[in-house]
Amino acid sequence: MQKIKSNKGATLTDVVIAILILILFTGILTTSFYNIYKHSMLIKFNAIALDYTIKVLEYTDRIKYEEVSNDLNNIVKEKFDIKNEFNINIEIENYNKDDEERRDIIKIVKVTVNYNIAGEEHKYSVQKLKIKER
């Protein structure tokens with residue numbers, strides 16, 4: 001029997017196959033690490049957005065009914081140390097906006113926190129009622 005291949009070193013096909021396997025696993029690992037990083041950042045940013053939302057809603061509970069207005073956006077940005085990655089928008093709406101005959105005793109406070117992760121826009125939004133106390 002005649003020997004076709006000698007075992008003296010790596011041939012070109014061995015090198016090409018090794019490089020292809022390396023490229024394949026590098027792509028899989030890179031994609032996996034990127035997705036893990038993206039999801040961990042999403043969890044962190046969600047927690048921070050929730051924290052900001054809770055702070056704003058607790059602040060609206062502490063202040064008087066008359067002080068709850070659209071000026072709350074500026075007050076919150078000054079009062080709380082909000083990071084640049086987050087955009088907080090507070091919308092105040094009177095519950096009796098459609099029927100002026102009803103007394104103004106309830107306001108709807110909607111807090112929306114927007115943030116970007118890896119080029120994707122994410123939004124966290126919560127509504128609550130502010131009731132006028134006597």
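Q: Is Ala118 buried, partly exposed or exposed, and what is its relative accessible area?
A: This is a predicted model, in which local features need pLDDT of at least 70 and side-chain atom pairs count only at pLDDT 80 or more, while totals for chains, interfaces and linings use all residues. Residues are numbered from 1 along each chain as its sequence is written, and side-chain values use heavy atoms, with hydrogens and water left out. Buried means under 20% relative accessible area, exposed means over 50%, and partly exposed lies in between, with a 1.4 Å probe and protein chains only. Ala118 is therefore partly exposed, with a relative accessible area of 48%.

Q: Where is Ala118 found, and what is its phi?
A: Ala118 is found in the loop between E2 and E3, where strands (E) are DSSP runs of at least two residues and helices (H or I) are runs of at least four, numbered from the N terminus. The hairpin of these strands has two residues between them. Although Ala118 is not a glycine, its phi is positive, at about 55°.

Q: In which sense do strands E2 and E3 pair, and over how many bridges?
A: Two strands pair if DSSP finds at least two bridges between them. Strand E2 covers residues 106–117 and strand E3 covers residues 120–131, and within this pairing Ile108 stands opposite Leu129 in E3. The two strands pair in the antiparallel sense, over 12 bridges.

Q: Is Lys128 buried or exposed, and what is its relative accessibility?
A: Lys128 lies in strand E3. Leaving aside residues up to four places away in sequence, Lys128 touches Leu57, Thr60, Asp61, Lys107, Ile108 and Val109, where contact means heavy atoms within 4.5 Å. Lys128 counts as buried, because its relative accessibility is 18%.

Q: Which residue forms a salt bridge with Lys128?
A: A salt bridge is a side-chain nitrogen of Lys or Arg within 4 Å of a carboxyl oxygen of Asp or Glu, and for Lys128 the closest N and O atoms of the pair are 2.7 Å apart. Lys128 lies in strand E3 and its partner in helix H1, so the pair ties together parts that are 67 residues apart in sequence. The partner, which is partly exposed at 44% relative accessibility, is Asp61.

Q: Why are Lys55 and Asp51 separated by about one helical turn, and how far apart are N and O in their salt bridge?
A: Lys55 and Asp51 are separated by about one helical turn because they are four residues apart in helix H1. Lys55 counts as partly exposed at 34% relative accessibility, and Asp51 counts as partly exposed at 35%. Their side chains meet in a salt bridge with an N to O distance of 3.5 Å.

Q: Which residue meets Lys132 in a salt bridge?
A: The side chains of this pair meet at 3.7 Å, N to O. Lys132 lies in the segment after E3 and its partner in the loop between H1 and helix H2 (72–79), so the pair ties together parts that are 66 residues apart in sequence.

Q: How many salt bridges does the count come to?
A: By the rule for salt bridges, the count comes to four.
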